[in-house]
Amino acid sequence: MSIDSAILAQLRRILGRENLFESMEKRIVYSTDASKAAAVLPDLIARPTSTEQIAGILKLANSAGIPVYPRGAGSGLTGGAVPVRGGIVLDFEIMNKVLGIDRENMTALVQPGVITQNLQKHVEKLGLFYPPDPASSDFCTIGGNVAENSGGLRGTKYGSTREYVMALDVVLASGEIIRIGTGAPKSVTGYDLVRLFVGSEGTLGVFTEILLRLIPLPEHVETVLAHFPQVECAAASVCMMFSRGITPRAAELMDELAVECVRQYKDSDVLPREGVFCLFEVDGPRFAAMDESERVVRICEENGATNVARATSEAEREHFWSLRRAISPALYNLGRIKLNEDICVPRSRLAEMLARINEIGERYSLRIVNFGHIGDGSIHTNVMLEHDDEALRKKGEQAVGEIFAAAVSMGGTLSAEHGIGLTKAQYLGKEVGEKEFSVMVRLKKALDPNGILNPGKFIDVFPHSQ
Ligand SMILES: Cc1cc2nc3c(=O)[nH]c(=O)nc-3n(C[C@H](O)[C@H](O)[C@H](O)COP(=O)(O)OP(=O)(O)OC[C@H]3O[C@@H](n4cnc5c(N)ncnc54)[C@H](O)[C@@H]3O)c2cc1C
């Protein structure tokens, strides 16, 4: 679509010329996200500096029927920020301030464009802790995290972003500004609108200020790297830790193919040729954490671990994590395209789920790499395609469909933390029934009757006709 000159003039009045971009270079940059699921040029990129400006933009867009796509860092893995119907991209790059930290009540008030790691570092200097820690934390934004209800590396103990969002300023599609939630530690006043908006993937409203809960910074962290002959031993170790009262803050799996990719990528002979790795972290008061990490080592050994190492220095801890962080780029050794999914199953079904994925991979003759946050049953399943070919992609998508069906049949879910966006819209019906989807559609219509907020994503695709 193209935006007429009268609207353009009004947008310039709202934002100032310096924060409205129309150049082809900028439009290309904002045409896609980390998923590379699609690339569509937006007409304009707006870089607002205040809630009021956003309200003005939405009011205008709503009356003219122009699509608006909120965007943080574009690190989303499901195409959530891709402007599939053109229109305006709302970029929060300069709304990136930490507006205040309340040390007594342990809260942080932030703008949506704050980079997650910047907030983490900022509060840690004050002895406070913001636990949600997506592996993309050094570039993703808090606004994107709230919109996706992002999880991450410390989710096993501390949960996802949702657990930390106390209140939100939201601009609705009409341009109306609402303030939902409270700074009080407890509240049951009316419907819990904060929970509705968290994870809404930019389809219900635009967050402009976010009040986050903080907790005290744990005194000490212990890191353990364990090598297991088989994935079943790793899964059994995780379950045993919980049954013995240990909640690791991180429990990260690298399956055999992931290890092989990292070996090649880092040119590292340190990693053995066979078996899988798990990275565990426990935290708390120094002596309690040290005691727990000894118990973690013993549990791994009881479950057949052949090599278990505790990090003895910050450098060694960093080395262990560098192996985990290398997985994403290293996967491209196996193929140019990865169908990157993030299923989640109850922890007790992990080994069974991993076996099913293996069986599906063999049946379709596809290489499937599994890694991720197995402490909370969340597996990043990557179906690797050697080249971009329609028939191969179709085969990959069929395999993904079977993986989703298996996860749901085990009491699990399609998406633990990356959201549905564009890439998983066609599969939503595997988990969400028709009646339940129709409730979602009615909510969307009530809040955005003209469908201007992030159109073309999961809520606009009727999944039961797929
Ligand atoms: C290497 C890598 C590792 C990753 N690891 C993890 C991980 O461990 N855990 C995890 O959960 N995710 C992970 N991700 C996915 C991604 O980083 C998260 O989904 C993140 O929250 C996206 O943030 P963003 O700022 O990039 O948002 P974007 O990708 O820009 O947008 C994501 C969605 O949020 C909406 N949105 C953005 N800002 C707002 C706003 N202010 N108001 C309303 N809607 C808004 C957009 O419209 C879009 O639908 C990873 C991604 C990469 C590339």
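The legends below describe close-up views of a predicted model.

Residues are numbered from 1 along each chain as its sequence is written, and side-chain values use heavy atoms, leaving out hydrogens and water. Local features need pLDDT of at least 70 and side-chain atom pairs count only at pLDDT 80 or more, whereas totals for chains, interfaces and linings use all residues.

**View 1. The shell of residues around the ligand.** There are 34 residues around the ligand, where a residue is near a molecule if one of its heavy atoms lies within 4 Å of it. Pro70, Ser75, Ser136, Thr141 and Ser150 come nearest. By class, the shell has 12 nonpolar, 18 polar and 4 charged residues (nonpolar: Ala, Val, Leu, Ile, Met, Phe, Trp, Tyr, Cys and Pro; charged: Asp, Glu, Lys and Arg; polar: the others, Gly among them). At least two shell residues come from each of β3 (68-71), α5 (142-148) and β10 (206-213). The largest share, 5 residues, is that of α5. Helices (H or I, at least four residues) and strands (E, at least two) are DSSP runs, numbered from the N terminus.

View 2. A side-chain N or O atom of Ser136 is 2.6 Å from an oxygen atom of the ligand. From the backbone, an N or O atom of Gly72 lies 2.7 Å from a ligand oxygen atom, and a polar atom of Ala73 is 2.9 Å from one. The ligand taken alone exposes 990 Å², of which the protein buries 94% (Shrake-Rupley method, 1.4 Å probe).

View 3. Val231, Cys233, Ala234, Ala235, Ser237, Val238 and Met241 of α8 are buried (under 20% relative accessible area, 1.4 Å probe, protein chains only). The buried residues pack against β12 (220-228), β13 (250-254), β14 (276-284), α10 (286-302) and α13 (350-363). Just after α8, Gly245 has a positive phi of about 85°.

View 4. Glu222 is located in strand β12. Glu222 counts as buried because its relative accessibility is 8%. Its side chain makes a polar contact (N or O atoms within 3.5 Å, one able to donate a hydrogen and the other to accept it; residues adjacent in sequence count only if both atoms are side-chain atoms) with the side chain of Ser293, at 3.0 Å. Leaving out residues up to four places away in sequence, Glu222 touches Phe280, Glu281, Val282, Ala289, Met290, Ser293 and Arg310 (heavy atoms within 4.5 Å).

Definitions and conventions
Buried < 20%, exposed > 50% of the residue type's maximum accessible area, 1.4 Å probe, protein only.
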